[in-house]
Amino acid sequence: MMKIEEQAGKLLLAQGMTIACAESCTGGLLTSRLTDIAGSSAYVMGSVVSYTNRIKEKLVGVRHETLLAHGAVSEETAREMAEGIRRAIETDMGVGITGIAGPGGGTATKPVGLVFIAVSGPDGTIVKENHFRGSRTEVKRQSTETALQMLCFYLSRRDSSSSPLNVDTRKIKE
């Protein structure tokens, strides 16, 4: 069975598209998984591990106002991370991941395991709120697995339709 990162690579290659990632709680794991595939330099252009708000703003393009109003772990920040990394590195696709991997750092409103993932491309941006369970390593792994599923879903939908995406991300397998 084909690994999901290989499937994502094949879809990117088939559509002649490039990708960049802005990762916070996953610390570069998504980019690592994408680049584990031989030939990935044809579509992976780069990434930023934007662990701090300062880096999210300066390198990725998240607006200061967004961080003040919604916090680093929010749908809005994930969206701006995906769209911002796409602009910064000039790629067709951008992925933004921000969340709380644990074991500490969670609150009542933003518990450990809360991760927002955004995928941005020519047909718009999709964002999904996730609630993962497990150790820090498990939350990171689940986050990258979901990001790859979302990327494949986006690219597959794009491949089969020239119209903009109208995506209910709840239908994406968790």
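The pLDDT is the predictor's confidence in each residue, on a scale from 0 to 100. For the protein chain of this predicted model, the average pLDDT is 93. A score of at least 70 is reached by 91% of the residues. Residues 162-174 stay under 50. For that stretch the model has 19 contacts (heavy atoms within 4.5 Å) beyond four places in sequence. Local features need pLDDT of at least 70 and side-chain atom pairs 80 or more, while totals for chains, interfaces and linings use all residues. Residues are numbered from 1 along each chain as its sequence is written, and side-chain values use heavy atoms, without hydrogens and water.

Six helices and five strands make up the elements of the protein chain. These are DSSP runs, numbered from the N terminus: helices are H or I of at least four residues, strands E of at least two. Their order from the N terminus is α-β-α-β-α-α-α-β-β-β-α. The protein chain is as compact as a globular protein of 174 residues, because its radius of gyration is 15 Å, close to the 16 Å of the globule rule. That radius is taken over C-alpha atoms, and the rule is 2.2 Å times the number of residues to the power 0.38. Along the principal axes, the C-alpha atoms fill a box of roughly 40 × 35 × 30 Å.

Of the 174 residues, 51% count as buried, meaning under 20% relative accessible area (1.4 Å probe, protein chains only). Among contacts between residues at least 6 apart in sequence, 62% join residues at least 24 apart.

Note on methods: Buried means under 20% relative accessible area, exposed over 50%, partly exposed in between (1.4 Å probe, protein chains only).
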